[in-house]
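Look at the structure first, then read the points below.

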Amino acid sequence: MGAGLMLQPAGLLALERIGCRVGVEALGSRITRFRGWTAPDWRQLVEVDYGALRGGLYGLGIHRASLFAVLLQAAQRRGIVFETATEIADVVQLAGGRVRPVAQDGRALPAVDLVIDASGVNSRLRRLTGAVAAPSPYRYGAIWASLPNTDFAGDILVQRYVAARHMVGVLPVGHLPSNETSLVTLFWSLKPQDHGALLAGGFEAWRNRVSDIWPDAAGLLANISDFTPFALARYAQFTLRNPFAAGVVFIGDAAHSTSPQLGAGVTMAMLDAAALTDALQRSFDLPAAQRTYADARARHIRFYQMMSRILTPLFQSDARLLADLRDIAMPMIDHMPWLQRRMFETFAGLGTGLFTAARPEKLAG
């Protein structure tokens with residue numbers, strides 16, 4: 001289950017640290033370029049070429065199930081014990097600094113030194129940090145489905161835009177471990193409150209809308225008769241000021257969530273895990289390790305939270321003026337080498353500030 005994900009170069013290096021890069025690359029699709037076009041005039045708005053960044057960098061489109069399968073196999077090889085069908089609802093402090101996870105049904109689990117919360121945007125433990133503000137929802141989300149590829153290039157993420165109201169995207173995601181069929185993830189942006197009206201209007205009407213914007217993308221829907229393969233995704237933005245509490249640390253979307261506009265979410269989670277590993281190995285006690293982890297990730301996370309907040313309305317909003325400004329400004333970047341490079345670095349997950357970037361090996365530890 002799950003949509004296509006985009007692994008950026010530093011995320012691939014983090015996976016290499018735990019022996020998982022070969023596995024994910026065998027299942028995913030190597031992404032060398034990202035292209036965005038306006039519709040219906042078919043003007044190229046943006047093109048990102050990983051080849052312009054030194055070091056032979058590239059991204060990887062992969063199905064969530066494929067990524068999880070590789071991680072599961074790695075954990076099983078290490079003899080890690082799994083407690084399945086168990087939702088952790090609380091953590092109780094014990095004498096001596098250890099903590100005891102408590103399941104939703106009240107069952108106490110064995111005491112541990114540290115609980116790592118990787119449960120995503122709906123984390124039940126985030127309240128332990130003292131955070132009281134709810135995540136701020138984006139007005140736009142998307143419907144998506146992973147479908148058999150027709151004739152899309154396997155190394156290019158492509159998007160089409162109608163102002164900022166509609167966006168159709170196709171991301172090659174390789175294949176599942178149990179099936180050699182080449183897949184792409186198709187996504188269509190919309191407001192979550194409009195999802196009901198979309199369903200009520202019927203699949204055929206929506207497929208015709210997709211065809212008007214992008215006939216090739218509509219070809220992916222030729223053998224589908226209803227919305228059954230499609231899921232609705234909602235997006236929200238928040239960042240924990242301190243991604244830890246006594247005996248608990250938060251990584252990935254449990255610590256910081258945003259829109260997927262920059263394709264950085266899964267890579268940020270991998271880098272969180274790598275930074276936490278390094279902090280635990282190098283610090284003299286657990287509270288110091290938690291602070292070291294938070295400090296190591298703060299700048300990178302802050303930059304991508306800011307850029308997502310700025311860029312998302314340019315591609316998913318009702319603001320026609322913003323879309324017009326985007327259509328004027330973005331093609332100009334191609335004539336400004338320094339700015340173009342910054343755009344490439346930002347899309348590749350390497351940005352650390354408006355004027356700074358880091359090599360992927362530094363980000364991955």
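Arg 124 and Glu 87 form a salt bridge (a side-chain nitrogen of Lys or Arg within 4 Å of a carboxyl oxygen of Asp or Glu), with the closest N and O atoms 3.6 Å apart. The pair links distant parts of the chain, 37 residues apart. Arg 124 sits in the loop between strand 8 (115-117) and strand 9 (136-137), and Glu 87 in the loop between helix 3 (64-77) and strand 6 (88-93). Helices (H or I, at least four residues) and strands (E, at least two) are DSSP runs, numbered from the N terminus.

This is a predicted model: local features need pLDDT of at least 70, side-chain atom pairs count only at pLDDT 80 or more, and totals for chains, interfaces and linings use all residues. Residues are numbered from 1 along each chain as its sequence is written, and side-chain values use heavy atoms, without hydrogens and water.

**Exposure of the pair**
- Arg 124 is partly exposed, at 36% relative accessible area.
- Glu 87 is also partly exposed, at 38%.
- Buried means under 20% relative accessible area, exposed over 50%, and partly exposed in between (1.4 Å probe, protein chains only).

**Other salt bridges**
- The whole structure holds 21 salt bridges.
- Glu 16 pairs with Arg 21 at 3.0 Å between the closest N and O atoms.
- Glu 16 is partly exposed, at 44%, whereas Arg 21 is buried, at 17%.
- A network of salt bridges links Glu 16, Arg 21, Glu 25 and Arg 30.

**Whole chain**
- The protein chain has eleven helices and 20 strands.
- Buried residues make up 51% of its 365 residues.
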